Amino acid sequence: MDSNNNSSSHLNSNITITSSSSTSSSTSSRYENQKRRDWNTFGQYLKNHRPPLALSRCSGAHVLEFLRYLDQFGKTKIHTPICPFYGHPNPPAPCPCPLRQAWGSLDALIGRLRAAYEENGGKPETNPFGARAVRLYLREVRDLQSKARGVSYEKKKRKRPPPPQQLPNPPPPSSGDQA
């Protein structure tokens with residue numbers, strides 16, 4: 001019995017999308033588990049695509065289509081420019097603006113899928129998750145959501161550890177003060 005037929009769906013000779021029934025270690029990190037779930041979700045999306053799409057034929061445009069599809073499951077209120085709460089981080093009342101995927105969630109998702117693609121045999125130079133169109137789309141979403149929600153998405157500065165403080169040298173012990 002070929003275990004590959006039970007645990008994975010081959011989309012081309014080098015890259016596979018592994019199903020959730022594959023072996024998963026109980027010691028896997030939360031990141032690794034999420035990355036596997038994201039990879040499986042993307043594989044399911046490709047399978048349900050009309051016409052079905054092989055991963056080897058997947059481009060940045062297909063990744064953008066996937067991200068737009070995910071928007072319908074978003075939980076972040078993104079105000080439209082005509083909304084009276086446009087640019088307010090904490091609106092005082094409800095409004096009919098759409099719920100979307102938050103930029104940070106999409107950015108993290110793309111990072112995980114980009115890593116999963118290469119871990120599953122894809123070449124970095126053909127990685128659709130690293131396509132220029134995807135990077136531009138994420139930047140556009142970040143800027144739009146920043147304006148709409150009145151939230152700054154400044155790049156977090158790394159906190160550098162403060163330089164070790166030099167304590168003043170203690171005075172040398174005097175010959176008469178020994179305890």
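Predicted model: local features only at pLDDT ≥ 70, side-chain atom pairs only at ≥ 80, totals over all residues.
Residues are numbered from 1 along each chain as its sequence is written, and side-chain values use heavy atoms, with hydrogens and water left out.

Trainee: Which pattern does the chain follow along the sequence?

Mentor: Let's begin with the elements, which are DSSP runs numbered from the N terminus: helices are H or I with at least four residues, and strands are E with at least two. The chain has five helices and four strands. Read along the sequence, their pattern is α-β-β-α-α-β-β-α-α.

Trainee: What percentage of the residues in the chain count as buried?

Mentor: Buried means under 20% relative accessible area, exposed means over 50%, and partly exposed lies in between, with a 1.4 Å probe and protein chains only. The chain has 179 residues, and the share that counts as buried is 32%.

Trainee: Among contacts between residues at least 6 apart in sequence, what percentage join residues at least 24 apart?

Mentor: A contact means heavy atoms within 4.5 Å. Among contacts in the chain between residues at least 6 apart, the share joining residues at least 24 apart is 57%.

Trainee: Which residues does Phe-66 contact, leaving aside neighbours within four places in sequence?

Mentor: Phe-66 is one of the buried residues of helix 3, and the buried residues of that helix pack against helix 2, helix 4 and helix 5. With neighbours within four places left aside, the contacts of Phe-66 are Thr-41, Phe-42, Tyr-45, Leu-109 and Leu-113.

Trainee: How far does helix 4 reach from its first C-alpha to its last?

Mentor: The expected span of a helix is 1.5 Å times one less than its number of residues. Helix 4 covers residues 103-119, which is 17 residues, and 24 Å is expected. The model comes close to that, with a reach of 24 Å.

Trainee: Is helix 2 roughly parallel or roughly perpendicular to helix 4?

Mentor: Axes are lines fitted to C-alpha atoms, for helices over the stretch in contact, and angles run from 0 to 180 degrees between N-to-C directions. Angles under 35 degrees count as roughly parallel, over 145 as roughly antiparallel, 65 to 115 as roughly perpendicular and the rest as oblique. The axes of helix 2 and helix 4 come within 9 Å and cross at roughly 80 degrees. That makes helix 2, relative to helix 4, roughly perpendicular.

Trainee: And how are helix 3 and helix 5 placed, roughly parallel or roughly perpendicular to each other?

Mentor: Their axes come within 8 Å and cross at roughly 30 degrees. Helix 3 and helix 5 are therefore roughly parallel.

Trainee: Which residues of helix 5 meet helix 3?

Mentor: On the helix 3 side, the residues are Gly-60, Val-63, Leu-64, Leu-67 and Arg-68. Their partners in helix 5 are Ala-133, Val-134 and Tyr-137.

Trainee: Where is the cis peptide bond, and which loop holds its proline?

Mentor: The bond from Arg-50 to Pro-51 is cis, with omega near -5 degrees. Pro-51 is found in the loop between helix 2 and helix 3.

Trainee: Does Thr-76 count as buried or exposed?

Mentor: Thr-76 sits in strand 3 (residues 76-77). Not counting residues up to four places away in sequence, Thr-76 touches Pro-98, Leu-99, Arg-100, Ala-102 and Arg-149. Because its relative accessibility is 16%, Thr-76 counts as buried.

Trainee: How far apart in space are Thr-80 and Arg-149?

Mentor: Thr-80 lies in the loop between strand 3 and strand 4 (99-100), and at 30% relative accessibility Thr-80 counts as partly exposed. Thr-80 and Arg-149 are 69 residues apart in sequence. In space, C-alpha to C-alpha, they are apart by 9.4 Å.
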